[in-house]
Amino acid sequence: MDFLSPRLAALLCLGLPLGAAGADACTARSGPVAVRVVELYTSEGCSSCPPADRWLSALKGQPEVVALAFHVSYWDRLGWKDRFASPVFTQRQSEQQRINGARYSYTPQIVVDGVDTPRWHARPLPPAQRRAPVQLSLAREGLAYQATVTPGADAPQRLAAYWVLTEGDHRTAVKAGENEGATLGHDFVVRQYQTVAAWSAAPGQAATLRFDAETAADAHHPREAALVVIDAASGRPVQAIKLGC
């Protein structure tokens, strides 16, 4: 029988990269606990957003968290165009209202595991404790990512998913709008977003998902790819996995 070292066992539990098969390849596997999925809806044109941006940046180095900053576009007409904003992210925020409990779209909005969390600044993010009903593995080779999703006995009958590619260590000198004169820092900026249609999930029957990343415009910004698997009925995450290598 093979035994895992304590360090390797910890990597498996947290879904950390396990190593590379070459200079352009790396892999990860999820553990038994569901990773926290933290979404921020933000804009460089919003004067109340920088504290939330900084709060999200403080999640760096936490392998049990998948953090995502969606820059929305509805502030762009008010004096400053956010270079990271997309109407697609604005639409996503609107569609998520029926799931997360928010009464309307606003910034900054923090959503934790599919739940609107307006008092994000009042307490630290609780640790991940919920058992995951699916197991995930993720591998990258070059710009191509491939994931395997294996439902457990208590998995939802139908699953769906979305891929994200994020960048960190961005800085913007804002020259107009509510944040005029400020230099803003951004991490976990969503640069690619791709949904995966729902499929029927049977215990033990694995599904394979693929994602092609775009070439980085600037290699100086660290990138992470993540897959978030959701319950297709409720729309809320059941497990997530990320790779930063």
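The second largest pocket holds about 230 Å³ of space. A pocket here is an open set of points on a 1 Å grid over the protein atoms alone, where a 1.4 Å probe fits, with protein on both sides within 12 Å along at least five of seven lines. The volume is the space filled by probe spheres set on the points, which are joined across faces, edges and corners. The model is predicted, so local features need pLDDT of at least 70 and side-chain atom pairs count only at pLDDT 80 or more, while totals for chains, interfaces and linings use all residues. Residues are numbered from 1 along each chain as its sequence is written, and side-chain values use heavy atoms, with hydrogens and water left out.

The pocket is lined by 15 residues, lining residues being those with an atom within 4 Å of a point. Those nearest the centre are R92, Q96, I99, Y193 and I230. Helix 3 (87–100) supplies at least two lining residues, as do strand 9 (158–167) and strand 12 (189–200); helix 3 gives the largest share, 5 residues. Helices (H or I, at least four residues) and strands (E, at least two) are DSSP runs numbered from the N terminus. The lining has 8 nonpolar, 3 polar and 4 charged residues. Nonpolar covers Ala, Val, Leu, Ile, Met, Phe, Trp, Tyr, Cys and Pro, charged covers Asp, Glu, Lys and Arg, and the others, Gly among them, are polar.

The whole structure contains 6 salt bridges, each a side-chain nitrogen of Lys or Arg within 4 Å of a carboxyl oxygen of Asp or Glu. Three of them are listed here.

| Salt bridge | N to O distance |
|---|---|
| D113 and R36 | 2.7 Å |
| K60 and D169 | 3.5 Å |
| D187 and K60 | 3.6 Å |

K60, D169 and D187 are linked in a network. D187 lies in the loop between strand 11 (183–186) and strand 12, and K60 in the loop between helix 2 and strand 4, so their bridge ties together parts 127 residues apart in sequence. D187 is buried, at 8% relative accessible area, whereas K60 is partly exposed at 45% and D169 is partly exposed at 36%. Buried means under 20%, exposed over 50%, and partly exposed in between (1.4 Å probe, protein chains only). In the D113 and R36 pair, D113 is buried at 13%, and R36 is buried at 13%.

S57 lies in helix 2 (residues 50–57). S57 counts as buried because its relative accessibility is 16%. Leaving aside neighbours within four places in sequence, S57 is in contact with D187 and F188, contact meaning heavy atoms within 4.5 Å.
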